[in-house]
Amino acid sequence: MLTRRRFIERVSGGVVPLFAGSWPQAGGVQREPRAAGELSADLVIIGGGFGGCAAALAAASGGLRVVMTEETDWIGGQLTAQAVPLDENAWIESSGGTESYRLLRQRIRDYYARNYPLTDGARANPRLNPGNGSVSRLCHEPRVGLAALEELLAVHVAAGRLRILLEHHAVRADTARDRVVAVTVRSSQTGADRVLRAPVFVDATELGDLLPLTNTEFVTGAESRRTTGEAHAPDAAQPGNQQAFTCCFAMDYRDGEDHTIDRPRDYSFWQAYVPSLTPPWPGRLLSLVYSQPRTLAPFNMGFDPVKSEGLFRYRRILDRSNFVAGTFAGDLTLVNWPQNDYMAGNLVGVSQADAARHLDRARQLSLSLLYWLQTECPRPDGGAGWKGLRLRPDIVGTEHGLAKSPYVRESRRIAAEFTVLETHVATESRLNAARPPAGEEVSAAAFPDSVGIGSYAIDLHPTSAGDNYIDFDARPFQIPLGALIPRRVENLLPACKNIGTTHITNGCYRLHPVEWNIGEAVGCLAVYCRERKETPRAVRNRRDLLADFQRRLTAAGIPLAWR
């Protein structure tokens, strides 16, 4: 029998389909053979994160043969496998992003219109927000984001321009002088290795995993103020000072029912845990009171799943009022809150055993938060606990109920030809530099090699070295091509949070629209370099090539400056 899974395998050249989840495998599905051999392409993308998908789309649209790997069985990174609804700038509905990014957003809305019983009002709303969450103008389920990405890439998979190797991770890289020659990836299902060869490689992993494998110079944690001149940088470099990561999960509320999970293994620890931060955290982590990011004053957003208020509404991804009555018994929310930020250790710069231990503890923290909400959380009526809160593993596609991957805010970052500093984008720094007349606004630094734009506050979550939130205004900014080019290696490009920013400026360059723009620019750059037989470095450093490439980006719907 030709199952849907096997049909898509054939269409995509034997690759596990993009819709593969952590569900039981259909009988008769053929896995990759043990002697998997080699694959050659025009572009190899290691990591199917959000920027990796944008790079693959741009490169395949430009005619390149692309191989993209992904460690999980879902492409999409923070949008899907990490279960983080879109976090965007205030103008994203009409500007502030690339044309293809806005197309992705429209595909998400179209998916709901095609497949869900929307109310007449919701169906007529061109700016439908399925969850009506307060964090974004488009809060939606991770699976719908996955479906939208699949739709954008489907024609390239079917045409053979794009091959996606799910559940594969990089284990080795071969280099010659200043070039990457090949990367070996391993299937987590079969243990089989494949050698991937291409003229250009892209690191679209969440932690910058390809950088150490290829001996590409990189930075982690916080740079020193002496090095960067940034007002918010520490006196001395702190490579281990990295932002918290979060194991997100989805939950709904069933009034009158009891869905209390088993008491988590580490609940006693997390129940009593008080973060050791400077300035101080207001008390226990498992509490509705936390540090307000901008002021650091104690803050309580509240929590009421019956009325869908406070933290429940914050990242709500399904608002039942958008759908025909009876479709959903309750609203659905995504938990990515201050209370499940794991700040007790890092995933980068530690041994594999320590990284695995921290990931396990972070998962225990998230399960402990759920258990605390179910059993101890203060209610408006004076009671404690909401037993009707129900973990939704089906929403995130795992058996344990937490997202497939942790939400990573900070990665290894390339030592780049150009590094974006606080002085380039922070509002206060720009005001001090420009000293404009009272009431007149200032702009971020203008980058002549711009390959895109973005806007977000400089938003750093608490860190493993004990820093509380660092959160302050930044001006709408540009993405410089120099931040995408390593100082030495010629044919490796970053496509997500691993670009040439600092610990500080990563805080405004790490969100969805910017990561997508970075990946799209990298994909376009690979196409351009192949056509012109030039290196990425030459494109940046030769004025004629840069101007020509920027015209190409503008024609592709990638704005290079704020208007």
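## Ground rules

Numbering starts from 1 along each chain as its sequence is written, and side-chain values use heavy atoms, with hydrogens and water left out. Because the model is predicted, local features need pLDDT of at least 70 and side-chain atom pairs count only at pLDDT 80 or more, while totals for chains, interfaces and linings use all residues.

## Rings that pair up

Search the whole structure and you get 24 aromatic pairs. To pair, rings of Phe, Tyr and Trp (its six-membered ring) need centres within 6.5 Å; planes under 30 degrees apart are stacked, over 60 edge-to-face, and the rest tilted. One of the pairs is Y116 with F323, a tilted one: 5.7 Å centre to centre, with 45 degrees between the planes.

Why does this pair tie together parts 207 residues apart in sequence? Y116 lies in the loop between α3 (99-115) and α4 (120-124), and F323 in the loop between β16 (316-318) and β17 (332-335), so the link spans that stretch. (Helices, H or I, of at least four residues and strands, E, of at least two are DSSP runs, numbered from the N terminus.) Y116 counts as buried at 17% relative accessibility, and F323 is buried too, at 2%. Buried means under 20% relative accessible area, using a 1.4 Å probe and protein chains only.

W270 and Y273 make an edge-to-face pair, 4.9 Å centre to centre with 70 degrees between the planes.

## Charges over rings

Two arginines also meet rings here: R379 lies over the face of W386, 5.9 Å from the ring centre, and the charged end of R412 sits over F218, 5.8 Å from its centre. To count, NZ of Lys or CZ of Arg must be within 6 Å of the ring centre and within 35 degrees of the ring normal.

Note on methods: Buried < 20%, exposed > 50% of the residue type's maximum accessible area, 1.4 Å probe, protein only.
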